[in-house]
Amino acid sequence: MLPSELLIFHQQQQQKLSLTPIEGRAASLDSWSQDMEDTADLLTPYKMGEFNLAHSLCDSYRTYVHLVFGVHICMAGLFLRRWSYENLAQPHNALYYEQRAAPGVLLIAEASAVSETATGYPHVPGLWSQEQVEAWKPVVEAVHAKGALFFCQLWHTGRKSPTTEFGAPTRMDPEEIPQMVMDFRVAARNAIRAGFDGVEIHAANGFLINQFWWFLDIGRVNSLQGISPFVSNPTVFRLYSNRDSQPLRLDQLTKDNQLNGGSSLDNACCRFATDVVAAVVDEVGAHRVGLRLSPFVGYTEADAQAHALHLVHFMDKLGVLYCHMVEPRKCINGDNNGVPHRLSLFRKAFRGTFIVNGGYDREEGDRVIRDGYADLVSYGRLFLANPDLPERFRKKAGLNKYDRSTFYTSDPVVGYTDYPFLGQETQVA
């Protein structure tokens, strides 16, 4: 499909999505909160869209992503770099996810690249080819056989590539943008063909979508005309502005919310992110789509609230299934103890399932579910080290300690599938 054809198709789908009414959703956060039972906690059954979860825990994103539904617990995706040779899912991936699967649990699989140029790291799984679809099928089947739900996280690493081991990232031409939107669409389609229940778009942690969203330095153009039809204002995609040769940043917005006297926040800042979300929603349905955001990673409070909130409103308009957000690492006062709880603004703006992640233990997870601050809580490192985390929470059992030194190794067993279950000898945290 040529860029001009992509543009016409995209405009048609964008208009259709924007005008389609959202049905079957909560009228307001207040009415939802009034219906919450006082006894709600992480282990209370939860219904996310058309999916019934056993509890409110989910496994949060790292390189394996696992979300747990049925309860208010889910497992986030974790970037653990357990080598997927030829960018194909491997048997050790199937064992890892099967260990953490249980009835009513939602797992989010590790990030899969949407194209060959999206990998960023060596030997990460992908979903751009039929061979990759076939490689994921036994992994998904193993998870479904245990009664769990399985979403696949989709990413493009953009410029975030480790130059010491995989080569410096190449500059992206603006003309490539329509194809990258299409890459996300195709990968989402392939994820469903592989048997996944849905997809999570990775728009966090400084990868490509986040790079458009925050840095606005995807490439250099020498003219304001003739660049990607998906770009409302070409200056957004300059690495430097002509005026002062400084990086073009969102913090240069004027008081009237304009960028360098040009485009609006909507068109200049969010277009790539919203294009990707709209394309994936059109491909697989909003009821199968989630989005991961980390609005507080490395940016000011004003940046986080202005830009991330804009995207959350767009997601809400399309009826996206869930919004998965990461808390800031520290409280405002610099205290590293406790969860900052800075996501209320986003929670109120999104009427779908709202998932929080970042520093939660069981007690804090129970608290935010009872208070209506979140619908689900995702766990990454704790789920990695405790494959039976919901059961441990249920029995208030001790937790295995995770070993940071094994997070990013290529070993298919150590620090990946060798963490013990309850009843086996282990150290407890």
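Q: Hi! How many bridges join strand β8 to β9, and do they run parallel or antiparallel?
A: Four bridges join β8, which spans residues 289-293, to β9, and the two strands run parallel. Keep in mind that this is a predicted model.

Q: Okay, can you give me one pair to look for? Which residue in β9 is the bridge partner of G290?
A: Look for Y322: that is the partner of G290 in β9.

Q: And on from β9, which strand is joined to it by five bridges?
A: That would be strand β10, residues 353-357. β9 and β10 run parallel, too. Y322 turns up again here, with T353 as its bridge partner in β10.

Q: Y322 keeps coming up! Is it buried or exposed?
A: Buried, because its relative accessibility is 0%. Y322 sits in strand β9.

Q: What about the rest of that strand, how many of the residues in β9 are buried?
A: Five of the five residues in β9, which covers 322-326, are buried, so the strand counts as mostly covered.

Q: Which residues of β9 lie on which side?
A: Y322, H324 and V326 are on one side, while C323 and M325 are on the other. Both faces are covered. As background, side chains in a regular strand alternate between the two faces of the sheet.

Q: Which strand pairs with β8 over four bridges in the parallel sense?
A: Strand β7, residues 198-202. For a landmark, find H202, whose bridge partner in β8 is R292.

Q: One more on Y322: how far apart are Y322 and G49, in sequence and in space?
A: They are 273 residues apart in sequence, yet 8.8 Å apart in space, going from C-alpha to C-alpha.

Q: Let's zoom out. How many helices and strands are in the chain?
A: There are 14 helices and 11 strands. The chain has 429 residues, and 58% of them are buried.

Q: Among contacts between residues at least 6 apart in sequence, what share joins residues at least 24 apart?
A: In this chain, 69% of those contacts do.

Q: Now helices. At what angle do α3 and α4 cross?
A: Roughly 20 degrees, and their axes come within 8 Å. α3 is residues 91-100 and α4 is residues 130-145. That angle makes α3 roughly parallel to α4, since angles under 35 degrees count that way. The crossing is right-handed.

Q: Which residues meet there?
A: From α3, N93, A94, Y97 and E98; from α4, W136, V139, A142 and V143. By type, the contact has six nonpolar residues, one polar and one charged.

Q: And how do α6 and α9 pack, what are the angle and the distance?
A: About 35 degrees, with the axes 9 Å apart. Here α6 is residues 177-193 and α9 is residues 271-284. Their crossing is right-handed.

Q: Who makes the contact between them?
A: On the α6 side, the residues include I177, M180, V181, F184 and R185. On the α9 side, F272, D275, V276 and A279 are among them.

Key
Residues are numbered from 1 along each chain as its sequence is written. This is a predicted model: local features need pLDDT of at least 70, side-chain atom pairs count only at pLDDT 80 or more; totals for chains, interfaces and linings use all residues. Side-chain values use heavy atoms; hydrogens and water are left out. Axes are lines fitted to C-alpha atoms, for helices over the stretch in contact, and angles run from 0 to 180 degrees between N-to-C directions. Angles under 35 degrees count as roughly parallel, over 145 as roughly antiparallel, 65 to 115 as roughly perpendicular and the rest as oblique. A crossing is left-handed if the near helix is turned anticlockwise from the far one by less than a right angle, and right-handed if clockwise. Contact means heavy atoms within 4.5 Å. Ala, Val, Leu, Ile, Met, Phe, Trp, Tyr, Cys and Pro count as nonpolar, Asp, Glu, Lys and Arg as charged, and the others, Gly among them, as polar. Buried means under 20% relative accessible area, exposed over 50%, partly exposed in between (1.4 Å probe, protein chains only). Two strands pair if DSSP finds at least two bridges between them.
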